[in-house]
Amino acid sequence: MTVKLIRGGTIVTATDTYQADILIRDGIIEAIGLQLEEDGAEVVDASGHYVFPGGVDPHTHLDMPFGGTVTIDDFESGTIAAAYGGTTTIVDFCLTTKGEPLQSALDTWHAKAEGKAVIDYGFHLMISEINDEVLAELPAVIDNEGVTSFKVFMAYKNVLQADDGTLYRTLLTAKELGALVMVHAENGDVIDYLVKQALEQNQTDPIYHALTRPPELEGEATGRAVRLTALADSQLYVVHVTCAAAVEQIAEARNQGLEIWGETCPQYLVLDQTDLERPNFEGAKYVWSPPLREAWNQEVLWNALKNGQLQTVGSDQCSFNFKGQKELGRGDFSKIPNGGPIIEDRFSLLFSEGVRKNRITINQFVDIISTRSSKLFGLFPRKGTIAVGSDADIVLFDPNVERVLSAETHHMKVDYSAFEGMKVTGEPVSVLSRGEFIIRNKQFVGTVGSGRYIKRNKYGTTDNDHAAKVMINS
Ligand code: URP
Ligand code: ZN
Ligand code: ZN
Ligand code: ZN
């Protein structure tokens, strides 16, 4: 039995900011109050620090085969880096292949994470086809595995892309079973044509990655997914929104009362398309899909977070070394593995660029970085808040320390930082996962493999009562 008392900090949740102590027993928050006392408790001094709920990252790809290679950060290095960065829960994407039983794909993902993860984790399940076998398996995926979100790719033709019929049937099925459908919204068919055309014209540099995936094709696919969701009377979460064209579709749908949620990522908030033009092929470090956009889109995304048109910031962690992996695309941008290293910096970047620069409030920060994802993905109130009965996943954060992001000092395995040289203000000092320190005074003190798999609740329901609607909008 371990008992800890976190004393003297400023607790910040999605709704409140206040001074109080937190009593933790056996990994659970037992009491919150003023001047708490407890015999035998280990006292942790949090004065001068914000006490945040641990970050919930709804979008990671660890140990994932993609683009002819495998992401360099796995569930060990990726979750250690996440912990350093203040994230205590991730939901990773389990890929599937046509014809393979869903359970077999999930077993593969369990094997990647078990014995390695240092923070708690769940899985989203990719849906690439809907047929009798898949429909027969899905109830068990939800009830036994607690996988309550399905991912459909509208891009990556001939690799991951599903057709509109599959998306529509997934939306119908998710509505029936209590799951949330996630989409990568880009028009993969048209992109495929534009990429072939560019390569024929010898346009091979990284910048053509962006130019062959214009914002119109993200806006179009987002609008299409929204309309199919309306037709299916279902619910949708659009991952990695990058541009005004997509934000407009989501905002309009939400104004009509549709249950549409939108995520963006730190890279789209602070980097832009010109990064793809960096010399010596370094533009390859900035290849994401959808691509980085013209810089004016950043303000649109910040405003959308501020006014609630977008609700979450995921990392889309998908790291490849520059040497030997990103370099696979020298001479052909379409062979650059898509994705980048963000898991460690997501939390601090949003605090520094968002809260410190007065683009969002500190309570919005907590909602965006932790609480909302927890509610949307069936983790609330166990994760995503500081409340009696919740897991003691807690970040002690120094809001004033200034530092420079760099591959020299990050804890991911990947050999570069997408934010090299960038100054941020604020840093997680200590991080607890279920009441145990995993980061203490900026050092990893956790145990490899201590992260637990989390069976998540159905969309819109809570731990306490499966019939109760979570107030997702509050
Ligand atoms: O470029 C990206 N985003 N890579 C990861 C896979 C995905 O599309 O989310
Ligand atoms: Zn399992
Ligand atoms: Zn994607
Ligand atoms: Zn992704």
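Colleague: How many nonpolar, polar and charged residues are in the shell around ligand 1?

Modeller: Two nonpolar, six polar and one charged. Ala, Val, Leu, Ile, Met, Phe, Trp, Tyr, Cys and Pro count as nonpolar, Asp, Glu, Lys and Arg as charged, and the others, Gly among them, as polar. Before we go on: this is a predicted model, where local features need pLDDT of at least 70 and side-chain atom pairs pLDDT 80 or more, while totals for chains, interfaces and linings use all residues. Residues are numbered from 1 along each chain as its sequence is written, and chains are lettered from A and ligands numbered from 1 in the order written.

Colleague: Which residues are around ligand 1, and what makes a residue near a molecule?

Modeller: They are His61, His184, His240, Trp288, Ser289, Asp316, Cys318, Asn338 and Gly339. The test is that the C-beta atom, placed from the backbone, lies within 6 Å of the molecule.

Colleague: Why is Lys151 called buried?

Modeller: Buried takes 20 or more other C-beta atoms within 10 Å of a residue's own; 12 or fewer is exposed, and in between is partly exposed (C-beta atoms are placed from the backbone). Lys151 has 25 such neighbours, so it counts as buried. UniProt, in an unreviewed entry, lists Lys151 as "modified residue: N6-carboxylysine"; such annotations may be inferred rather than shown by experiment.

Colleague: What is Lys151 in contact with, leaving aside neighbours within four places in sequence?

Modeller: Phe93, His124, Leu125, Met126, Ile127 and Met182. Contact here asks for C-beta atoms, placed from the backbone, within 7 Å.

Colleague: Where does Lys151 lie, and what makes that stretch a strand?

Modeller: Lys151 lies in strand E13, residues 149-153. Strands are DSSP runs of E with at least two residues, helices are runs of H or I with at least four, and both are numbered from the N terminus.

Colleague: How do you know that E13 pairs with strand E14?

Modeller: Pairing needs at least two bridges found by DSSP, and five join E13 to E14 (residues 180-184), which run parallel. Ser149 stands opposite Leu180 in E14, for instance. Both strands belong to an open sheet of eight, in the order E8-E11-E12-E13-E14-E15-E16-E17, with parallel pairing.

Colleague: What makes E8 and E17 edge strands?

Modeller: Strand E8 (55-60) and strand E17 (312-313) each pair on one side only.

Colleague: Why is the chain called as compact as a globular protein of its length?

Modeller: First, the chain has 12 helices and 21 strands. Its radius of gyration is 21 Å, close to the 23 Å that the globule rule gives for 474 residues, so the chain is as compact as a globular protein of that length. That radius is taken over C-alpha atoms, and the rule is 2.2 Å times the number of residues to the power 0.38. Buried residues make up 57% of the 474.

Colleague: Is Asn158 buried or exposed?

Modeller: Asn158 has 7 C-beta neighbours inside 10 Å, so it counts as exposed. Asn158 sits in the loop between E13 and helix H4 (164-177), and its phi is near 65°, a positive value in a residue other than glycine.

Colleague: And why is Asp233 called exposed?

Modeller: Asp233 has 11 C-beta neighbours inside 10 Å, so it counts as exposed. Asp233 is in the loop between helix H7 (215-232) and strand E15 (236-238).

Methods. Contact = placed C-beta atoms within 7 Å.
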